[in-house]
Structure formats: structure tokens, C-alpha cells
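Trainee: I would like to go through this model step by step, starting with individual residues and moving on to the chains.
Mentor: Go ahead and ask.

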Amino acid sequence: MFEALSDRLQRVFDKISQRGVLTEADVDAALREVRLALLEADVNYKVVKSFIKRVRERAIGQEARKGLTPAQQVIKIVHEELIRTLGEPGRLDLSGPPPHVIMLVGLQGSGKTTTAGKLALRLRKEGQRPLLIAADTYRPAAVKQLEVLGRQIQIPVHSEGTEPPPPDIAVRGVQEARKKGYTVAIIDTAGRLHIDDQMMAELEAIRDRTQPKEILLVVDAMTGQDAVRVADEFNKRVGLTGLILTKVDGDARGGAAISVREVTGVPIKFLGVGEKLDALEPFHPDRLASRILGMGDILTLIEKAEQELDRKKAEEAERRLLEGTFTLEDFLEQLQEMKKLGPLSQLLEMIPGMNRLARQLPAEVTDKQLKRIEAIIFSMTPEERRNPRIINSSRKRRIARGSGTTVQEVNQLLRQFRQMQQLMKQLRKGRLPGNLFGGLF
Amino acid sequence: MVLSKLFKRGSQEDAERIEKSLEKTRRGVFGHIAALFQQQELDDEFWEDLEALLIQADIGVQTTEELIDRLRARVQKEGVKRAADAYALLKEEMLRLLGEAPPSALETPRLLTVVLVVGVNGSGKTTSIAKLAYYLKQRGKKVLLAAADTFRAAAIDQLRLWGERIGVEVIAHQPGSDPGAVVYDAIRAAQESRKADVLIIDTAGRLHTKYNLMKELQKIRTICARQVHRAPHETYLVLDATTGQNALIQAKKFKEAVDITGVILTKLDGTAKGGIVFAIQKELGVPVRFIGTGEQVTDFAEFDPQAFVEALFRQDT
């Protein structure tokens, strides 16, 4: 639904002749698009206004850099300015004597309880001994939810049911942490509206009585223009030390992050990126900036690839590819390496220019196809995988039956594999094929 | 009082409480809009400010631009000079955006009405279901709830607690079990032993970008359709009123996957916005059916577009 800003800008600049210096008219035309893109990403209107002003001042009259089109140059400035607005990646302050108290606050449904579990898990991985404290006595079964989460990740939960006042529970929880030698106490508070005076006073009470090192506001990445007011109000009442942006794994651009950061000056510390309890990532301003602009998240992809791919295997496969000794067995291995990176659609989304394609491409299509290809190869004998030439029609029928596919599909895979080998031959001769896997998907 | 029209069938007390909670919306952005129209001249600055205010109400960039274009065109064509007159035109245009909602399937008499409730994580599904169940119960319906959110920790307990509070039975399996099986059993129970009029199905929150989870919803729909003629009769998307432009994408994706027939807009008490109502109606043609305005089970009302716009534009005297 939302067009990537980079595409939009490109279109604006296609209309303007390529000039060496960015003129005022060029910049204004581009900034109109930037403004719309930011508004559509739910960046607060006022924040957009001041942001655009800053970019404009920097952009006008700047010498065009070598190798950059005017569009790219504006994007670069916008990107840099966004990164600056998003600020430094925040780290948790766990200095001083333990237990360090961390208090999670936010609106209803922003994801506090789940985040509490994620944070506990993460801190334990970093060598801490966390205790969760269930201080949401309002939402039905919220205490139970934290208990269940605690069991799942084997982290103890201090809970007293729903009768005692939340500040009392919090205090006793911190006492328990101190007594039993836990190093971090994470207080899960009830979701509340920033305009609910009584409930906000309760947060102040919890804060005053437990002296948290960190008070983190949990913000839904999908929040609209109101995000600023919410964060501002929480900050004024309880004094925030950081933000956690949740549900970033959806397709919300997360413009709320910019607004909240700009208005409160509170650093963003983590991003929640999935339903699994290990899906909590440290915040990287450059990546989020790219995402807000719809520029893809190539950095994350690269990092992911570096983590997950077995480099030796890849090099080996590349060598064999070039030698022309690449077999279906190697191909299967490559597919499995690729799968480690996550669903194909998600990968595509991280590549600039591909995210629109990824959105059009239903996730199941590609992943299902990958699975079918895998099934077909699995149903071959090792000999067939190494030497597909021996696959005659009777073998094809067997493979199709074994993999739950059709002979046509087996044929298609074999044909594509042959084409790939052809491409490789060309590659060796110095001609670069456009897209290695192009034929397969 | 104009706002009490919003809540046609609610008691006077309910209406007053809900009117109070909507005050935030009225006094917020829409209050600023009213103030803007107090000024005399319709100059460029005026239009820019109006655009800013509409966008800040989460009406959406596209809808805002169209709204302003139409308004400017009409102002010119009809030779409107005074801002106060333009204000009436804006109200008309906004009402036009909302249009008339098709009749709700809840009204049609049938043996068993099945209502499927879907939405992203944290939008307020379970609470809304409790409110809807209570609302229907107050109107003499026998309601049964199906706890098909078997994924989130303690979601089943949450629904059960609500069920106890409002005196409505909940059909549930173990956490982690197949939601389809829960729905199957709940329908059987609703038809046979419990003889319910309405079955409301609570589903796990899911981001609309998760293919497999959307597929699971389709499976639930299929199970409904197999057991009850034309079920589910209503599929409601629960939407958090503080959500920004992503709400549109959510609505679109859920519509594609499970053909939502209406929206329940929650947490309207906390937001100075609510403008997303216009964007959704305009871009997707899905009507807002109910609004949630607080934590109490009675903080819930049928949505009446006309009264909603009236309320937003009502000038405090």
C-alpha cells in the first residue's frame, strides 16, 4: 500500500533534468515526497515539519557527489538526518549494586508482558539472573500469562495473585530478588492510558518505592499520530529511561519511533521482532531509518547471512559451481543454507528495491516451491542426485510418487537445473548471468 | 444531547459515561479543527493548517488530501467566503465518507449466529468479545464463547475470567491445542447441549503479515461454514484506535484473508484521534460496527456514523 520513498523520489527526479547542483526546486519537489512518506509512516506531523526544515537547509546548494544521482543524494541526506533523529542505540544501565530494577510501562496491548519475558531471557543470556514480577493485577489472567511465560523460559516469577496493591507486590518482588540473589528484577505493570490520572499515580508509587534503574516505555510500532502524546505524558509522570518498540515484525513502518524519540529525547533500546521469546533485538538507528524510508534492511540481511551461512560450505559450492561439478546434492545443500535465513519473502523484503516485489509475492509461493524442490531431490537416490542424466521416465515416476509431486514438476526441476549448469558454463567463459536463481522462482 | 444518539439502545447512564470518554476525541484534534474554522479568511495558511489537523487525527494522508481537494473545489464553486460556512461543508464531506452501513447480520433471525473475531496482537480482542457478549446478553440473546486463542499464554484463562464475570459460558481446550478443534466443539455445543443464539469465537492475535497464521483463520472459517449454514455470519476485525496508517493495511490484509464484515474500534477513550474510521470506511468499505471506550464491560456501543460526526463537530457552547 505504501510506496517506498526511494521509488517515489526517483520518479520525481526522472522528471527533472540531471544537474550538478541540487536546486531549490529540486529539493522542494523531493521533500514533498519525503514529507508524505514520513506522514504515511505515522511520523508525527510536527516532527515531520521540523525534520523537513532541517533536511532542506542541508540539501539546498549542495554539490552533487560523484556517482550519486540527485535522488540518491537527497535520500542520503534524509537517511543521515533520520539516523541522527533516531539517536544513539540505547543500552540498559545495569550499574550499581544488584538487583537492578527494570520497570515496564505502556498502554494496553502494547506488549509489555511478552516483552518482560523476552527481556528476562535476553538478560539471562548476558549472564544476569532475572526475576519477573507480576504487578498487573487488572487485566484478567495477566498474572497467569507472566507465570506461563516464566515457565516456558524457566525464569522465576514473583506473583501474589490479583488482590494486593501493585506497588506492594513490586516492593516485595524486589525484596525477594535481593534476598535470593537475583541480579535483575523486571516489573510487569498493567497497561494504562496516559490520561488516567489514578493509574499514572500508581506508576509513580511503584517507581518511588522500588527505585528502578530503568523505566522502559513499551510502544507498539503501529501506533499513529498519538504516540507522541502518550510518550510525552508517561515521560512527564514517571520519567522514562528508554523505549522498546514492539511488533516491528509486522509491516508498520514504525514512524512512531522517530516522533517519540524526537519529542521525549528518550533513547530507543530494543525492538520486538516476533512472537517467539528470543525475538528481541538491540536497536540500530541506521536500520530503522532504512525501514522507515522503505529502503529495505540490507544491513540486517548481511549480518544474518554472516551469522547463519556456513562460509566454507558456500565457498566450496561456489568452486564446484564454477568447475561445473555442481550436483543436485550441492543444490539441496544450498537450499537448506538459504532456509536458515528465514522465509524467502522476508529475505526479499530486506533487499532494497525488492520489498515491493516481496509484498506482491505471497510468502507461501516461494517457500512452498522451495519445499517441493527439496522433496523432489530428497526422493532421488544419491546416484541420481550426482548424475541427473540417468533419470529416465520410470525413475521420474518413482521420484514424483515419492515426493508427492508430478512428473511434470520433476521434469521442470531437471530442466532448470540443466539451465543453471549452462549458465555456469557461460559464467566461466566470462559472461555474467543476470540472476542465478532467476529461472527457479 | 447529540452524543446520546450514538448509543441508541444503551441506558442513559451508559450513554453519559461513553459520551464522557469520547470527549477526549472531540476536544482533541477535532476541537482544534472547530477553532480553526473560527478564523475569517480561507487563505493558503488555513488550508495547510486544516491538512495538518486532519492528518493528526489519523485520517490518513490520501483521504485527507482528497477531502481537502473536494472541500476547496466546493468552496470555490459555491462561492463560500466565510470559514463558518466551509465548516458545514467539511462536516458534510466527512459524513459522506462514512456513508450508510449495510444492515448487521446480528439482526437477522437464525438458529445460531456465528461471530468470528480477529485482529493483531494487543488490539483488544478478548476484552471486546466480553463486551460484545454482554451487550448481546443484555438484549436477551443466549451467548456462548469459544476460546480459540490457544497460543498466547493465559489467553484462555482471560476469556474464562471474563465469562465468569458476565455470566457467559466458555468452551475451551488445553493451551496449545488446535483452534479448529475448539471451534468445532464450540459449534456442536452451541447447537446441541447449550442451545445458544450466538457463538463468538476468540482467536489468537496475529500480525497480518504472518501467512501461516492467516491460513489458520481461513481454516477456522471453513470449519464454521461446514457446520452452520453461511457461517461465520459476521467476522469482526478488532482495531486499536491509536493505530496509525498501518490500520489500513491490517484491514486490507484481513479482508483479503477472511473477508471481514465489520470493525470493532477499541481504546477510543485514550486517543484524541479516531480519524482512522474515515480512512477505513473510504478505502476498504468496511463499516465500523462497535466502539470500545473503556475498561468496563459496559464501555461499548454500536457505532452510528452520523452521530459520530455530529459529536466530533459539536461546538461546545
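Trainee: Are A:D220 and A:K247 buried or exposed?
Mentor: This is a predicted model, so local features need pLDDT of at least 70. The cut-off for a buried residue is under 20% relative accessible area. By that rule A:D220 and A:K247 are both buried.

Trainee: What do the side chains of A:D220 and A:K247 meet in, and at what N to O distance?
Mentor: A:D220 lies in strand β5 (residues 214-220) of chain A, and A:K247 in the loop between β6 (242-246) and α10 (255-264) of chain A. They are 27 residues apart, and the pair links distant parts of the chain. Their side chains meet in a salt bridge, with N to O at 3.0 Å.

Trainee: Which helices does the pair of A:E81 and A:R54 link?
Mentor: A:E81 and A:R54 form a salt bridge, with the closest N and O atoms 3.1 Å apart. The two residues are 27 positions apart and belong to distant parts of the chain. A:E81 is in helix α4 (residues 70-86) of chain A, and A:R54 is in helix α3 (residues 45-59) of chain A.

Trainee: Why is A:E81 classed as buried?
Mentor: Buried requires under 20% relative accessible area. A:R54 is partly exposed, with a value of 26%. A:E81 counts as buried because its relative accessible area is 2%.

Trainee: Which residues do salt bridges that share partners join into one network?
Mentor: A:E81 and A:R54, already paired in a salt bridge, are among them. The network also includes A:R58, A:E80, A:R84 and A:E262.

Trainee: Which element gives the most residues to the side of chain B that touches chain A?
Mentor: Elements giving two or more residues to this side are α3 (44-56), α4 (61-77), α7 (155-166), α9 (211-227) and α10 (246-258) of chain B. The residues of this side divide into 15 nonpolar, 15 polar and 17 charged. With 6 residues, the most is given by α10(B).

Trainee: About how much area do chain B and chain A bury between them?
Mentor: The contact takes 47 residues from chain B and 37 residues from chain A. There are 11 residue pairs in polar contact between the chains, both residues at pLDDT 80 or more. Carbon and sulfur atoms account for 59% of the buried area, which is about 3,700 Å².

Trainee: What percentage of the residues in chain B are buried?
Mentor: The secondary structure of chain B comes to 12 helices and 8 strands. Its accessible surface is about 12,800 Å², 47% of it belonging to carbon and sulfur atoms. Of the 317 residues in chain B, the buried share is 59%.

Conventions
Residues are numbered from 1 along each chain as its sequence is written. Chains are lettered from A and ligands numbered from 1 in the order in which they are written. Side-chain values use heavy atoms; hydrogens and water are left out. Contact means heavy atoms within 4.5 Å. Buried area is the accessible area (1.4 Å probe) that two parts lose on being put together, summed over both. A polar contact is a pair of N or O atoms within 3.5 Å; within protein, one must be able to donate a hydrogen and the other to accept it, and residues adjacent in sequence count only if both atoms are side-chain atoms. Helices (H or I, at least four residues) and strands (E, at least two) are DSSP runs, numbered from the N terminus. Ala, Val, Leu, Ile, Met, Phe, Trp, Tyr, Cys and Pro count as nonpolar, Asp, Glu, Lys and Arg as charged, and the others, Gly among them, as polar. Buried means under 20% relative accessible area, exposed over 50%, partly exposed in between (1.4 Å probe, protein chains only). Accessible areas come from the Shrake-Rupley method with a 1.4 Å probe; for residues, only the protein chains shown count as cover. A salt bridge is a side-chain nitrogen of Lys or Arg within 4 Å of a carboxyl oxygen of Asp or Glu.
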